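Please look over the predicted model shown below.

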Amino acid sequence: MLKGILNYAHYLLEGSIHSGEKVIDATCGNGNDTLFLSKLVGEKGHVYAFDIQDQAIANTRKALINNNCSNVSLIHDSHERILDYFPKDKEVAGAIFNLGYLPRSDKSVITTPDSTVSAVNAILNRLKKDGLVVLVVYHGHEGGKEEKEGLLKYLLQLDQKQFNVLRYGFINQKNDPPFILAVQRKVARIENQ
Ligand SMILES: C[S@@+](CC[C@H](N)C(=O)[O-])C[C@H]1O[C@@H](n2cnc3c(N)ncnc32)[C@H](O)[C@@H]1O
């Protein structure tokens, strides 16, 4: 069966993240992806979860408490500054960006091309070999098209010797359906990159 967009995003991460690793949820929103990552990495792993909105941080905190998750750092800041919070001597094992706005909330608070590209770039420079950054791209809302184009422009110029870049989506769906972009590092990082 062809997997739906969110299931496929999780399926990709499941295949590349192991128990005990350190991972990132760049847009925690209601906490669904944070909870998923928390279970994947287990007690010995750690999730760094970011959001700029009070409501998102509160919703994710509630979800973490309800599910007894103690392996998550919940960070009320923009994902552009991700590496300020991530251990300097560790590699990122995987990351998810669920882009756009918080469902059932303020639709004017959206992810933007510059900060998204800057965060993806920072994470790719710290990503382990075979690690994946998965982006769920919603582009039907105001500002969504610009973000989609900015991201594609950035990802298209990544060196194919270093990264595989995948696009997955349903091309016969109406109304700007979301799609996935996933970037996998193919070779080991050069230290201090
Ligand atoms: C589609 S929602 C995320 C859904 C979430 N992953 C979940 O499982 O419920 C997008 C989120 O990105 C957040 N956001 C927007 N700009 C951001 C930024 N610069 N840094 C971190 N989060 C941001 C929004 O506040 C919103 O909560």
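The structure holds 0 disulfides, a disulfide being a pair of cysteine sulfur atoms within 2.5 Å. This is a predicted model, in which local features need pLDDT of at least 70 and side-chain atom pairs count only at pLDDT 80 or more, while totals for chains, interfaces and linings use all residues. Residues are numbered from 1 along each chain as its sequence is written, and side-chain values use heavy atoms, with hydrogens and water left out.

**Cysteines**

- The sulfur of Cys28 lies 13 Å from the closest cysteine sulfur, which belongs to Cys69, and this is too far for a bond.
- Cys28 is buried, with a relative accessible area of 4%, where buried means under 20% relative accessible area, exposed over 50% and partly exposed in between, using a 1.4 Å probe and protein chains only.
- Cys69, whose closest cysteine sulfur is in turn that of Cys28 at 13 Å, also counts as buried, at 17% relative accessibility.

**The sheet**

- An open sheet of mixed pairing is formed by 7 strands in the order 3-2-1-4-5-7-6; helices (H or I, at least four residues) and strands (E, at least two) are DSSP runs numbered from the N terminus, and two strands pair if DSSP finds at least two bridges between them.
- Strand 3 (72–75) and strand 6 (163–168) are the edge strands, each pairing on one side only, and the twist from one strand to the next averages 15°, with axes taken as lines fitted to C-alpha atoms, for helices over the stretch in contact, and angles running from 0 to 180 degrees between N-to-C directions.
- Strand 4 (residues 92–98) is mostly covered, since 6 of its 7 residues are buried.
- Strand 4 runs parallel to strand 1 (residues 22–25), to which 3 bridges join it, and in this pairing Val23 stands opposite Gly94.
- Strand 4 also runs parallel to strand 5 (residues 127–137), here with 6 bridges, and Asn98 stands opposite Val136.
- From strand 4 the chain crosses through helix 5 (residues 113–124) to strand 5 in a right-handed β-α-β crossover, meaning that, with the strands pointing away from the viewer, the path from the first strand over the helix to the second runs clockwise.
- Strand 6 and strand 7 (residues 179–185) run antiparallel and are joined by 6 bridges, with Val165 opposite Val183.

**Helices on the sheet**

- Helix 1 (residues 5–16) packs on the sheet and touches strand 4, strand 5, strand 6 and strand 7, its direction making about 170° with that of strand 5; contact means heavy atoms within 4.5 Å.
- Helix 6 (residues 144–156) lies across strand 5, strand 6 and strand 7, and runs at about 25° to strand 7.

**Nonpolar cores**

- The largest nonpolar core has 29 residues, of which Ile24, Phe97, Leu124, Leu135 and Leu155 touch the most other members; such a core is a set of buried Ala, Val, Leu, Ile, Met, Phe, Trp, Tyr and Cys residues joined through side-chain atoms within 4.5 Å.
- Helix 5 gives the most to this core, with 5 residues.
- Leu124 touches Val133, Tyr154, Leu158, Phe163, Val183 and Arg185, leaving aside residues up to four places away in sequence.
- A second, separate core of 28 residues includes Tyr8, Leu13, Ile17 and Ala182.
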